[in-house]
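Q: Please take a close look at one part of this model. I would like the sheet first, then how far the rest can be read.

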Amino acid sequence: MISRFIFSLVSVLLLSSCASPDRQSMPHLLAMAGKNPRPAECAKIFPTGHWQLSHVITFALAGGSGTVVGVLVLNGEEIRCALVSVEGLTLFAAQATGSSAPEVTRALPPFDKPGFAEGLMRDIRTIFSFPPGNAEYGQLADGAPVCRYSGLTVTDVLPEEGGCWSIATYSGQTRSRLIRARSCRMIGSTAVAEELELVAAQPAGYTLNMQLISAEHLPATKGDLP
Amino acid sequence: MCRLLPLIVFALLAVALLGGPVVAESGIRSVQADFTQEKQMKILSRPLLSRGTLVFQAPQSLRWEYHTPLRSIMLLHNGRMAKMVERNGRFEKESRAGVSSMQIILEEISSWLEGRFTDNPMFVVDTSRERTVLLTPKEPGLQAIISRIELQRGEQDGVIDSVTIFEGADGWTKLTFSNTVLNQVIPATVFQEP
């Protein structure tokens, strides 16, 4: 059971890291005279400082579903993460600083597959780290305000009324990932989502759902950036 | 190693169950208890906490249920195993475990319940300490995942207070049991899928 689940989860995460599973094209960014989203509206969705977050992660594929607990510790540019079975067994643990390659401290097969740790870190950065690249502000054709960050990839952050948001990433002109946040609440100056959904629609389409268990803004440590 | 994973999870459950409220005392017919699961890892500033209940009916019926943070139920009954996870307010069945893994663990459970710790094929068992039973994996593959398991006996005969599963230097999981009730009649419906 667990091995099948792990295999499926690995497949999901590897798929998310190596393809453009959604066929939607990058929309044009339109000027939004006088009503551009303020940078702070987009920045507030990315935690800064020292945080510990845990989620119940559920995935659904055509071939089955599974559940694992994801643990994430953010401390400035440092990311530490782990995947734990519901029964408490650590399946995977790794850490990385900035854009450096992850250092894997525990990886039970098949989590030791090449590319898995990198793909997982890339997903974590997409959801929780402020996107690199040049920033532009405007709106989409439907009037939705958007902050667009253009670097190696393009990341659109779409703040919504009610304090939630969406993120869309594009490789070239094709959308690679869509993340929707629901039931958001402010913890300090950060908008924390009770539920995150990552949807990809590649031929082996999948949905990754993250239910927040806990989010704690921890006291600063020596490792914190100012 | 992949084949080992289901076995490990069920081994942990078996150890927790056995070690849970019941120890190697013959004559145990049933066990009910609450448990708190504390998961600590080097990377964590605060531990992960889970809570649940377990119900055991001799010879081979088990309901291992987490209430928080995620409702899930593992059932062993009449030689069959099922695991369900609550999603959107209803329980959904997860993939079934291999029959061979389950049978091995059930044999483990039966063996331990009958007090045959030394017959255990998976662990070296050290009972030399007064209140601590120490289990060390025999197989190198399992040793890489679990370095040792400690069962702390309680004051009451036949009851264990806690089980700590060490994963090496970087983490451990501690199950602490409370409100243990022995040998009460348990309805068969407890072991049926919700």
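In what order do the strands of the open sheet in chain B stand, and with what pairing?

A: First, the ground rules. The model is predicted: local features need pLDDT of at least 70, side-chain atom pairs count only at pLDDT 80 or more, and totals for chains, interfaces and linings use all residues. Residues are numbered from 1 along each chain as its sequence is written, while chains are lettered from A and ligands numbered from 1 in the order in which they are written.

Now the sheet. Its 11 strands stand in the order β6-β5-β4-β3-β2-β1-β11-β10-β9-β8-β7 of chain B, and the pairing is antiparallel. The edges belong to β6 (90–93) and β7 (123–126) of chain B; each has a single partner strand, so one side of each lacks a neighbour in the sheet. On average, neighbouring strands are turned by 20 degrees against each other, direction ignored. (Axes are lines fitted to C-alpha atoms, for helices over the stretch in contact; angles run from 0 to 180 degrees between N-to-C directions.) Strands are DSSP runs of E with at least two residues, helices are runs of H or I with at least four, and both are numbered from the N terminus. Two strands pair if DSSP finds at least two bridges between them.

β2(B), residues 48–57, and β3(B), residues 61–68, pair antiparallel over 7 bridges. Gly52(B) stands opposite Tyr66(B) of β3(B). A hairpin with 3 residues links β2(B) to β3(B). β3(B) also pairs with β4(B), residues 72–77, antiparallel over 5 bridges. Here Trp64(B) faces Met74(B) in β4(B). Again, a hairpin makes the join, through 3 residues.

β8(B), residues 132–137, is joined to β9(B), residues 148–153, by 4 bridges, and the two run antiparallel. Thr132(B) has Gln152(B) of β9(B) as its bridge partner. β9(B) then pairs with β10(B), residues 160–166, antiparallel over 6 bridges. Arg153(B) is bridged to Ile160(B) in β10(B). β10(B) meets β11(B), residues 171–182, through 5 bridges, also antiparallel. In β11(B), Lys174(B) is the bridge partner of Thr164(B). The hairpin of β10(B) and β11(B) has 4 residues between the strands, and Gly168(B) there takes a positive phi near 115 degrees.

Contact means C-beta atoms, placed from the backbone, within 7 Å.

Finally, confidence in chain A. Its mean pLDDT, the predictor's confidence in each residue from 0 to 100, is 81, and 78% of its residues reach 70 or more. Helix α1(A), residues 2–18, is lowest at a mean of 44, and β8(A), residues 154–159, is highest at 95. Over residues 1–22 of chain A, pLDDT stays under 50, although the model has 71 contacts there beyond four places in sequence. Where pLDDT is low, the predicted coordinates should not be read in detail.

Note on methods: Two residues are in contact if their C-beta atoms, placed from the backbone, lie within 7 Å.
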